[in-house]
Amino acid sequence: MTSWRGGTCVRAHWSLRVTGAGWVVLLTGVAIGLVAVRTANPWLLLTTCAVVSPLLVSVLPAFGELHLHTTTELPRRCHAGEVVEHTITLYNAGRRSMPAIRMHQAVPGFEDLSIGVQAFGPRRRGDAHIQRLAVVRTLSPQATYRIETTAPFGLTVRRHTFQQACEITVHPRPVPPVPLTALGAGDEPLNRPARAGLEPHGLREWQRGDELRHVHWRATARHGQLVVVVPERTHSPRLAIVVAGAASDPDWEDLVSLAAWTAVDAVRRGHTLRLSAGGADTLAGPDAMHALDWFAGLGDVTPASTALIGHAADWVGDVGVVLVASTRPVGAGEAAGRLRLLYPGGLVPS
């Protein structure tokens, strides 16, 4: 395979299989031929040739090597349960006409696709626009194609299978997030101030090290001594989510969806986020889109170790929140301080 305009150039060397109808024709021809030989009847022998000829024509490499360029277009991102527009483009780059084929495409995360393509000549292209359902989260899967034809008589099936990379991310199914107030991470400042705001918060006497631009001249003139403005402090509460459990558990996808959209809600409300799981890369400070990408590619994880939870607790500090999302019970000894437990059914009260 070689790259061509973002698609894949397929040089199909057909694999051949005789269909049920082909076997009927073959057995019928053999039976008539045996009778013709035993009876020395030339007309029956001629009939045998007429019966078997279509099968022989079907077996011959009538189509040779098929040069077919394929391009598949899906949205870069979508959610599980969403119906998306899918476009497949086929281009016959060979010198032979392409026979009528049936194309099957399997993309992890989507419903399987099967479409019929009419025959078209060399240097011609065809486009198919299909509505397709995303069924489960996935990250950059490999699309598997299988093209097959029964031309010209339906007595044989020629098949070719190939793969093509798909740059698509299917995010977890949208669900209502866990309220941040239930985590103790609502509007209260949960960690150190992240930066100075633009609005004045108060006034105080000048101290060594204060910048001249912070001097409040009207208050200075009124009090007879230097007075500076104390800027308002803005805070970025920290929330660390540690994903545990096992992908083999029946409620694993429900847990991933719940944790993912809780993370998105936290980011949209101004929280600084940290995502970690056993066996997965840790992601700190992502925006909502990259947080969903992280959950989309989350595979089977190892149990949440004490060290993994400890790193998350160190990151959030004394007043941050660590949320352990698990499909299986977490030991009570690990649930101290500001640790919260999230199961597929929801948040466990601390």
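Reply: Let's begin with L239 and its neighbours. Leaving aside residues up to four places away in sequence, L239 touches L180, L183, A266, T272, L273, R274, W315, V316, V321 and L323. Keep in mind that you are looking at a predicted model.

L239 belongs to the largest nonpolar core, which has 32 residues. Within this core, the residues that touch the most other members are L239, I241, V243, L273, L275, F295 and L298. Which elements supply it with two or more residues? They are β16 (238-243), α4 (252-268), β17 (272-277), α5 (288-296) and β19 (321-325). The largest share, eleven residues, comes from α4.

Now look at the strands. An open sheet of six strands runs in the order β18-β17-β16-β19-β20-β21, and its pairing is mixed. At the edges you find β18 and β21 (346-348), each of which pairs on one side only. Further in, β16 and β19 pair in the parallel sense over five bridges.

Next, follow the loop between β17 and β18 (283-284), where A280 is found. Is A280 buried or partly exposed? Its relative accessibility is 26%, so A280 counts as partly exposed. Although A280 and V243 are 37 residues apart in sequence, their C-alpha atoms are 9.6 Å apart in space. Not counting residues up to four places away in sequence, A280 touches W294 and L298.

W294 brings us to the aromatic rings. A search of the whole structure finds two aromatic pairs. A pair of aromatic rings is described by the distance of the centres and the angle of the planes. For W294 and F295, the centres are 5.0 Å apart and the planes stand at 90 degrees, so this pair is edge-to-face. W294 is buried, with a relative accessible area of 12%, and F295 is buried too, at 0%.

The other pair is Y145 and F162. Their ring centres are 4.8 Å apart and their planes are at 5 degrees, so this pair is stacked. Y145 lies in strand β11 (residues 142-149) and F162 in strand β12 (residues 156-165), so the pair ties together parts that are 17 residues apart in sequence. Y145 is buried, with a relative accessible area of 0%, and F162 is buried at 2%.

Y145 also leads us to a polar neighbour, Q105, through a polar contact of 2.8 Å between their side chains. Q105 sits in strand β7 (residues 101-106) and is buried, with a relative accessible area of 2%. The side chain of Q105 has a polar contact with the side chain of R132 as well, at 2.4 Å. Not counting residues up to four places away in sequence, Q105 touches T72, H86, I88, D112, L113, R132, A143, T144 and Y145.

Definitions and conventions. Residues are numbered from 1 along each chain as its sequence is written. This is a predicted model: local features need pLDDT of at least 70, side-chain atom pairs count only at pLDDT 80 or more; totals for chains, interfaces and linings use all residues. Side-chain values use heavy atoms; hydrogens and water are left out. A nonpolar core is a set of buried Ala, Val, Leu, Ile, Met, Phe, Trp, Tyr and Cys residues joined through side-chain atoms within 4.5 Å. Buried means under 20% relative accessible area, exposed over 50%, partly exposed in between (1.4 Å probe, protein chains only). Helices (H or I, at least four residues) and strands (E, at least two) are DSSP runs, numbered from the N terminus. Contact means heavy atoms within 4.5 Å. A polar contact is a pair of N or O atoms within 3.5 Å; within protein, one must be able to donate a hydrogen and the other to accept it, and residues adjacent in sequence count only if both atoms are side-chain atoms. Rings of Phe, Tyr and Trp (its six-membered ring) pair if their centres lie within 6.5 Å; planes under 30 degrees apart count as stacked, over 60 as edge-to-face and the rest as tilted. Two strands pair if DSSP finds at least two bridges between them.
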